[in-house]
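Visitor: I would like to go through the labels used for this model and hear what each one rests on.
Guide: Ask about them in turn.

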Amino acid sequence: MSDNTPKMPGYGATARIDKWLWAARIYKTRSIAVDAIKNNRVTIDGNAVKPSHTVKAGDVVSVRKPPITFSFKIIACIETRVGAKLLPQVYENVTPAEEYEKLEMSRISGFIDRQRGTGRPTKKERRQLDAFTDPLMFGWDEE
């Protein structure tokens, strides 16, 4: 390679996809990355792969995290986790703008973040409702 070879630990010509996903901070743990690969949520250049598949610089990795599919072009093959500041040297985010629009639409529709107090009550809220509606159940006198 040339002089602009990334200076980071674990750098090599190839890397296992499960280790790369973890090292590039796409997934929090390697076991979560392996589960995603086994459930066909990760593809390389459009092909489903196994966790032991090796990747090289220039490959495009697509990661499906509903509701969108992220796409990353590999710049450096690493197998050890690096700091967040070094991520621009590891991959380039090539996710189309339409995918981010899907994410924004799902946020607006309200299915991702439920507002507190809407929908089904929490366990604590249910107990408070029960105490309010049925005081005999909790040993209070009804007058």
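Visitor: How many aromatic pairs are there, and by what rule?
Guide: The count is four aromatic pairs, where rings of Phe, Tyr and Trp (its six-membered ring) pair if their centres lie within 6.5 Å; planes under 30 degrees apart count as stacked, over 60 as edge-to-face and the rest as tilted. This is a predicted model, in which local features need pLDDT of at least 70 and side-chain atom pairs count only at pLDDT 80 or more, while totals for chains, interfaces and linings use all residues. Residues are numbered from 1 along each chain as its sequence is written, and side-chain values use heavy atoms, with hydrogens and water left out.

Visitor: Why is the pair of W20 and Y91 called edge-to-face?
Guide: The centres are 6.0 Å apart and the planes stand at 70 degrees, so the pair passes the limit of 6.5 Å and the angle is over 60. W20 lies in helix α1 (residues 17–23) and Y91 in strand β9 (residues 91–93), 71 residues apart; helices (H or I, at least four residues) and strands (E, at least two) are DSSP runs, numbered from the N terminus.

Visitor: What makes W20 and Y91 buried?
Guide: Buried means under 20% relative accessible area, exposed over 50%, and partly exposed in between (1.4 Å probe, protein chains only). W20 has 0% and Y91 has 18%, so both are buried.

Visitor: What makes F70 and Y100 an edge-to-face pair?
Guide: Their ring centres are 6.2 Å apart and their planes are at 70 degrees, so the pair is edge-to-face. F70 is in strand β7 (residues 68–74) and Y100 in helix α3 (residues 97–109), 30 residues apart. Y100 has 35% relative accessibility, so Y100 counts as partly exposed. W20, F70, F72, Y91 and Y100 form one aromatic cluster.

Visitor: How do you know that D18 makes polar contacts, and is D18 buried or exposed?
Guide: A polar contact is a pair of N or O atoms within 3.5 Å; within protein, one must be able to donate a hydrogen and the other to accept it, and residues adjacent in sequence count only if both atoms are side-chain atoms. The side chain of D18 meets the side chain of R16 at 3.0 Å and that of R30 at 3.3 Å. D18 is in helix α1 and, at 1% relative accessible area, is buried.
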